[in-house]
Amino acid sequence: MARIIVVTSGKGGVGKTTTSAAIAMGLAKKGHKTAVIDFDVGLRNLDLIMGCERRVVYDFVNVINGEATLNQALIRDKNCNQLYILPASQTRDKDALSQEGVGKILDELKKEFKYIVCDSPAGIEKGAHLAMYYADDAFIVTNPEVSSVRDSDRMLGILSSKSRRAELNEEPIKEYLLLSRYSPDRVKLGEMLSVEDVQDILSLHLLGVIPESKSVLNASNSGMPVILDEKSDAGQAYADIVDRYLGEDRPHRFIDEDKGFFRKLFGGK
Amino acid sequence: MSLLDYFKISKESTASLAKERLQILVAHERSSRNQPSYLPQMQKELLEVIRKYINVGQDAISVSFEQDEDQETLELNIVLPDLQPKNT
Ligand SMILES: Nc1ncnc2c1ncn2[C@@H]1O[C@H](COP(=O)(O)OP(=O)(O)OP(=O)(O)O)[C@@H](O)[C@H]1O
Ligand SMILES: [Mg+2]
């Protein structure tokens, strides 16, 4: 059975697109045929993060409007032949996506793909609504910061009342917490909410912690999802997340401060 | 208290302050999340009616809405003022 994963947050700029690109690549590299869809109509960016911006011909809206077939619009990833990208439209028409149109495309994708990752736009407007409406699983990307945590909780309310599963009284969407841009040393100093703090507030199952990392910018500069940078901390954090999602047992990492950091700070060995 | 201690304490407090504020806010927002949208207006009108008869303050009334598997409960709580001998 295909699964639809929405990557959402409410708040903008917390790392949804970075996460969508990484986990879609991770799932595909594990051999699962995966499609990743950019729902950010008007602000297409997933193509850049995936490094396929120059190969975009047709987009999500073209397919909904019948101007292109799904196969014409899907872009096969250059690094992994199990991964396909469906770019967002750059139209400024906010109503370009309809619930019915999105549903039809997802049904079609479900026949061919194991995982369908939906990169949600920020906010709680139409785009974010459509990205989560058909989801089976929700990855809630949260930063350890007050407004992000609050918005995540808002989003949880929406997932449990406004989704298709909620409306049809089906088993609820499975919700997972991905705590991103985490700095263990700042947590240690009492400047940043800790993993436990955020879990206490949101009571969500923690899928993983992604550290604040320079490798994310490097990855986006070169159009390679950060998970392909296997030596990087963020890349490894995403690889763990994919493994845990697939049911493998991986101890949590990147939660305690980097010993190297303190060694550097105090000149110890 | 050394300067280092001062920084340590003041910084420890911002994250815990954040947690405390969020816990209160999130609890409040969760409880009002599933409330029907007519609730605030209804609360206002109820208060007007009650105040025709009883001299109560603005916050003497609280309305809460709860929902579980098979029923919805509307709880209305009115705090009456202390009994005072009237027009003696
Ligand atoms: N773990 C991280 N470490 C450092 N920087 C990060 C990390 N995750 C994301 N970023 C940076 O944060 C910025 C926003 O990331 P991203 O575009 O993934 O967020 P988003 O939630 O998709 O934003 P939007 O709401 O606008 O769609 C980018 O510049 C990205 O490089
Ligand atoms: Mg984005």
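Along its sequence, chain B of this predicted model runs α-α-β-β, and its secondary structure comprises two helices and two strands. Of the 88 residues in chain B, 17% are buried. Among the contacts in chain B with a separation of 6 or more, 31% join residues 24 or more positions apart.

**Interface between chain A and chain B**

- The interface brings 16 residues of chain A into contact with 14 residues of chain B.
- About 1400 Å² is buried between chain A and chain B, and 55% of this area lies on carbon and sulfur atoms. R150(A), D153(A) and I201(A) provide 37% of what chain A buries against chain B, more than any other three residues.
- Four salt bridges are counted between chain A and chain B. One of the salt bridges pairs D200(A) with K19(B), with the closest N and O atoms 2.7 Å apart.
- Eight residue pairs are in polar contact between chain A and chain B, both residues being at pLDDT 80 or more. On the side of chain A that touches chain B, the elements giving two or more residues are α7 (146-162) and α10 (195-202). The most is given by α7(A), with six residues.
- By class, that side of chain A holds seven nonpolar, three polar and six charged residues.

**Nonpolar cores**

- In soluble globular proteins, nonpolar side chains tend to be buried together.
- The largest nonpolar core has 54 residues, of which F39(A), F60(A), V102(A) and L109(A) touch the most other members.
- A second, separate core comprises 37 residues, including Y176(A), V226(A), A234(A) and Y245(A).

**Two buried positions in chain A**

- L74(A) sits in the loop between α4 (70-73) and β3 (75-76) of chain A. L74(A) counts as buried because its relative accessible area is 12%, which falls under the 20% limit.
- Apart from neighbours within four places in sequence, L74(A) contacts Y84(A), I85(A), L86(A), L109(A) and F113(A). The C-alpha atoms of L74(A) and I85(A) are separated by 5.5 Å, although the two residues are 11 residues apart along the chain.
- S148(A) belongs to helix α7 of chain A and is buried, at 0% relative accessibility. Leaving aside neighbours within four places in sequence, S148(A) contacts K11(A), V14(A), T142(A) and N143(A).

**Salt bridges**

- Over all chains, the count is 21 salt bridges.
- R3(A) and D137(A) form a salt bridge, the closest N and O atoms being 2.9 Å apart. The pair links strand β1 (residues 3-8), which holds R3(A), to strand β6 (residues 137-142), which holds D137(A), across 134 residues. R3(A) is partly exposed at 26% relative accessibility, whereas D137(A) is buried at 1%.
- D243(A) and K30(A) meet in a salt bridge of 2.8 Å, N to O. D243(A) lies in helix α12 (residues 233-245) and K30(A) in the loop between α1 (16-29) and β2 (34-38), 213 residues apart. D243(A) is buried, with a relative accessible area of 8%, whereas K30(A) is partly exposed at 39%.
- K33(A) forms a salt bridge with E112(A), the closest N and O atoms being 2.7 Å apart. Because K33(A) lies in the loop between α1 and β2 and E112(A) in helix α5 (residues 99-112), the pair ties together parts 79 residues apart in sequence.

Methods. Residues numbered from 1 in each chain as written. Chains lettered and ligands numbered in written order. Predicted model: local features only at pLDDT ≥ 70, side-chain atom pairs only at ≥ 80, totals over all residues. Heavy atoms only, no water. Contact = heavy atoms within 4.5 Å. Buried area = accessible area lost by both parts, 1.4 Å probe. Salt bridge = Lys/Arg side-chain N within 4 Å of Asp/Glu carboxyl O. Polar contact = N/O pair within 3.5 Å; in protein donor to acceptor, adjacent residues only side chain to side chain. Helix = DSSP H or I, 4+ residues; strand = E, 2+ residues; numbered from the N terminus. Nonpolar A, V, L, I, M, F, W, Y, C, P; charged D, E, K, R; others polar. Core = buried A, V, L, I, M, F, W, Y, C linked by side-chain atoms within 4.5 Å. Buried < 20%, exposed > 50% of the residue type's maximum accessible area, 1.4 Å probe, protein only.
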